[in-house]
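User: I am new to this structure. Please take me through a few of its residues.

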Amino acid sequence: MDGIDGMDGMDGMDDTEALNHLHTGADYLRLAERTADPAVLGELARRAEYPFVWQAIARNAAAPTEALAALVGRRNSDHNDNRLTHLLAAHPAVTGAALDGLVESVAALLAEGERPYAAVLRLAARPELPAERIRALGRLPGASARLRRGITRALAARTAA
């Protein structure tokens, strides 16, 4: 049996070696979920073509900024794009240029008519982003009045904290 599950004895394999034995999307997913190795997560972020693997990397607390930056702007479908941007916006390791790229990616999604509203609200809660930059997202064509109200509330909560 191919894969990195216990059926073929690869469970004991170190994560770097396991990168050489990925055959299916399930293999990529299991490795993305189990590893805490930043280099392995970075390689998975660059190599994997599966949106569920991108999301697993974005959920992994050990994912480094470099690996997460490689996921910014990845596209698959409206649902997967919105889920990934939300996970990235919530990840504390998305900082600096990666965070700037994420804000730009979210702005592009809004301008295209997608609704990455959960990501916008997570970004609004991040104190390192200027309030005016977040308010600008609410003025884009895809933003709704409800999103603008959510932005206002998130920014107010940020200053109250």
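User: Is Ala26 buried, partly exposed or exposed?

Analyst: This is a predicted model. Ala26 is found in helix α2. Buried means under 20% relative accessible area, and exposed means over 50%. Ala26 has a relative accessible area of 36%, so the residue is partly exposed.

User: How far apart in space are Ala26 and Arg133, C-alpha to C-alpha?

Analyst: In sequence, 107 residues separate Ala26 and Arg133. In space, their C-alpha atoms are apart by 38 Å.

User: Are the rings of Tyr28 and Tyr50 stacked, edge-to-face or tilted?

Analyst: Two aromatic pairs are counted in the model. For Tyr28 and Tyr50, the ring centres are 5.6 Å apart. Planes under 30 degrees apart count as stacked, and over 60 as edge-to-face. Here the planes stand at 55°, so the pair is tilted.

User: How many residues apart in sequence are the parts that the pair of Tyr28 and Tyr50 ties together?

Analyst: Tyr28 lies in helix α2, residues 25-34. Tyr50 lies in the loop between α3 (38-47) and α4 (51-59). The pair therefore ties together parts whose separation in sequence is 22 residues.

User: Is Tyr28 buried or exposed?

Analyst: The cut-off for buried is under 20% relative accessible area. Tyr28 has 11% relative accessibility, so Tyr28 counts as buried.

User: Which residue joins Tyr28 and Tyr50 in a cluster?

Analyst: Tyr50 is partly exposed, at 29% relative accessible area. Ring pairs link Tyr28 and Tyr50 into a cluster with Phe52.

Terms used:
Residues numbered from 1 in each chain as written. Predicted model: local features only at pLDDT ≥ 70, side-chain atom pairs only at ≥ 80, totals over all residues. Heavy atoms only, no water. Phe/Tyr/Trp six-rings, centres within 6.5 Å; stacked < 30°, edge-to-face > 60°. Helix = DSSP H or I, 4+ residues; strand = E, 2+ residues; numbered from the N terminus. Buried < 20%, exposed > 50% of the residue type's maximum accessible area, 1.4 Å probe, protein only.
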